[in-house]
Amino acid sequence: MSATPPFRILTVCTGNICRSPMVERLLQQGLDLLTPGAYQVESAGTGALVGSPMEPHIAGFVRVLGATAEGFAARQVTPELLKEQGSLSYP
């Protein structure tokens with residue numbers, strides 16, 4: 001019997017250091033409480049500050065709400081990333 005792969009969710013904002021990483025981490029935390037392993041939440045930016053950590057105030061907010069900000073690095077939205085998500089197709 002094969003395991004069902006997690007449903008993938010991509011959150012997107014501009015720089016990928018504030019809004020989308022906050023949603024990524026908090027949404028992942030909440031979904032894991034409901035159905036552990038059923039979802040994989042990631043984030044990216046349309047004008048990402050690639051490689052940058054989460055903005056410190058946002059990271060603090062994420063930690064206060066019980067999620068982790070550790071290991072985050074901003075990344076750019078690319079056609080390849082969208083294909084990986086499986087929600088969109090490109091020629």
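In this predicted model, helix α2 is followed by glycine 66, which has a positive phi near 95 degrees. Helix α2 itself spans residues 56-64, and Ile58, Ala59 and Val62 are buried in it. Viewed down the axis of α2, these buried residues fall within an arc of 100 degrees, so they line one face of the helix. Pro56, His57 and Val64, on the other side of α2, are exposed. The cover over the buried residues of α2 includes α1.

Helix α1 has 16 residues. The distance from its first C-alpha to its last is 23 Å, close to the 22 Å expected at 1.5 Å a residue. Ser20, Pro21, Glu24, Arg25, Gln28 and Leu31 of α1 are buried. They cover an arc of only 140 degrees around the axis, which puts them on the same side of α1. On the other side of this helix, Leu33 and Leu34 are exposed. The buried residues of α1 are covered by elements that include β1, β2 and α2.

Asparagine 16 is located in the loop between β1 (7-13) and α1 (19-34). Its phi is near 60 degrees, a positive value in a residue other than glycine. Most residues other than glycine have a negative phi. The relative accessible area of asparagine 16 is 0%, and the residue is therefore buried, the cut-off being under 20%.

The side chain of asparagine 16 is joined to that of serine 43 by a polar contact of 2.9 Å. Serine 43 belongs to strand β2, residues 39-45. With a relative accessibility of 2%, serine 43 also counts as buried. Apart from neighbours within four places in sequence, serine 43 is in contact with Leu10, Thr11, Asn16, Ser20, Pro21, Glu24, Phe72 and Arg75. Among these partners, Ser20, Pro21 and Glu24 are buried residues of α1.

Conventions. Residues numbered from 1 in each chain as written. Predicted model: local features only at pLDDT ≥ 70, side-chain atom pairs only at ≥ 80, totals over all residues. Heavy atoms only, no water. Helix = DSSP H or I, 4+ residues; strand = E, 2+ residues; numbered from the N terminus. Buried < 20%, exposed > 50% of the residue type's maximum accessible area, 1.4 Å probe, protein only. Polar contact = N/O pair within 3.5 Å; in protein donor to acceptor, adjacent residues only side chain to side chain. Contact = heavy atoms within 4.5 Å. Arc of directions from axis to C-beta. Expected span 1.5 Å × (residues − 1).
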